[in-house]
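Q: Could you walk me through this one while I have it open in the viewer? I'll jump around a bit.

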Amino acid sequence: MVYRLKYLLLTAALFLAFMPMAQAQEFLAAVQVNAAKENISQSDKQIFQTLQQEVQQFINNRKWTETTFAPNERIRVSFFFNIESMNERNEIKSSLQFQVTRPVFGSMYTTTLLSFTDEDCYFTYREFDPLDYQENQNLSDLTSLIAFYLNIALGIEFDSFAENGGKPYFAKAQNIVNTMGTTIGWMQTDGKGMRNRFYLSESFNNPRFAPIHSLYYQYHRSGMDQLHEDPAAGRAAITESLESLEDFNRSVPNSMIQKVFFQTKWPELVEIYKGGNSAEKSSIIKLLGSIDPSNSQRYDKIRS
């Protein structure tokens, strides 16, 4: 009996020791495929249910980097595909809402690192066809699309923990853009204005936008991760990170990447600065109105 108990305890210990390695994938993805359009048949909707399951498994079960992640360190990403149409050749047009979040140190709160809408997703999918991806090749428009956004997610995640920590992954995202070439949805002229994959990748890789990388690090590591211990010091660090954008905003006004940052962050900023004193609130509202005028009215909520 004693021997059997020792055996069971040893077996459990070995299981726990190897479990993190077995679950060392980088992502914990939530995938949703909405096919509610009237032009999509009921039989096609079943295909999209399969697509949803297979994409989620493809992301979560694959190893995307050489870095080992503990289960609680996995990066939270969400893909929401809104299917517009599918023809008889299984060619699909969709929009995509993509989001990346990470936990804030010492709290139960998660902060959104990126929220981005892509209106020009084109890919072919046949039910139960295996999903695969290989760097420097386009095995599938769908898996190349997914790999692009996962590398953007890795880049932002690593940037939020170390200065320029995401550089290798932004370079991989750029390589996917280059590999896709003139494929629809990947070109400089695709999308509405400059809000597309081409410019998203270009912004994260162009040295001209280096202040954005510093912003992601200072805002999250020096600011958000300190809020639980010292809210005033955390807010001060976030304010300092935002002040660094003033010169950048003057040299590169209305940049797409800055707009994406604030479209992601404005709700969080409102809640953060509600905890400040009157002078701090007035100062940050003025600063945010200057560097993010499109959301200036929303920042008035800080006073409430």
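Q: Which residues does tyrosine 125 touch, leaving out those up to four places away in sequence?
A: Bearing in mind that this is a predicted model, tyrosine 125 touches Ile47, Thr50, Leu51, Glu54, Asn90, Ile92, Leu131 and Leu142, with residues up to four places away in sequence not counted.

Q: And where does tyrosine 125 sit in the chain?
A: Tyrosine 125 lies in the loop between β4 and α3.

Q: Is tyrosine 125 buried or exposed?
A: Tyrosine 125 counts as buried, because its relative accessibility is 2% and the cut-off for buried is under 20%.

Q: What is the distance in space from tyrosine 125 to phenylalanine 261?
A: From C-alpha to C-alpha, tyrosine 125 and phenylalanine 261 are 32 Å apart, and in sequence they are separated by 136 residues.

Q: Where is asparagine 90, and is it buried or exposed?
A: Asparagine 90 is in the loop between β2 and β3, and with a relative accessible area of 17% it is buried.

Q: What about asparagine 254, what is its phi and where is it found?
A: Asparagine 254 also is a residue other than glycine with a positive phi, in this case near 60°, and it is found in the loop between α8 (245-251) and α9 (256-273). Asparagine 254 counts as exposed, at 55% relative accessibility.

Q: Switching to the sheet, what is the strand order?
A: The sheet is open and has four strands in the order β1-β2-β3-β4, with mixed pairing. Its edge strands are β1 (27-34) and β4 (110-124), each of which pairs on one side only, and neighbouring strands are turned by 15° against each other on average, with direction ignored.

Q: How many bridges join each pair, and which way do the strands run?
A: β1 and β2 (residues 75-86) run parallel and are joined by eight bridges, whereas β2 and β3 pair in the antiparallel sense over 10 bridges. β3 and β4 are likewise antiparallel, with 12 bridges between them.

Q: What is the phi of glycine 106 in the hairpin of β3 and β4?
A: Glycine 106 takes a positive phi near 75° in that hairpin, which has six residues between its strands.

Q: Last topic, pockets: what volume does the largest pocket have?
A: Its volume is about 330 Å³. The lining of the largest pocket is made up of 17 residues, and the closest to the centre are Asn72, Glu73, Pro103, Glu157 and Phe161.

Q: Which elements give two or more residues to that lining?
A: Those elements are β3 (91-103) and α3 (141-159), and β3 gives the most, with three residues.

Q: How many lining residues are nonpolar, polar and charged?
A: The lining of the largest pocket divides into seven nonpolar, four polar and six charged residues.

Notes
Residues are numbered from 1 along each chain as its sequence is written. This is a predicted model: local features need pLDDT of at least 70, side-chain atom pairs count only at pLDDT 80 or more; totals for chains, interfaces and linings use all residues. Side-chain values use heavy atoms; hydrogens and water are left out. On a 1 Å grid over the protein atoms alone, a cavity is a set of points where a 1.4 Å probe fits but cannot get out, and a pocket is an open set with protein on both sides within 12 Å along at least five of seven lines; lining residues have an atom within 4 Å of a point. Grid points are joined across faces, edges and corners, and a volume is the space filled by probe spheres set on the points. Ala, Val, Leu, Ile, Met, Phe, Trp, Tyr, Cys and Pro count as nonpolar, Asp, Glu, Lys and Arg as charged, and the others, Gly among them, as polar. Two strands pair if DSSP finds at least two bridges between them. Axes are lines fitted to C-alpha atoms, for helices over the stretch in contact, and angles run from 0 to 180 degrees between N-to-C directions. Buried means under 20% relative accessible area, exposed over 50%, partly exposed in between (1.4 Å probe, protein chains only). Contact means heavy atoms within 4.5 Å.
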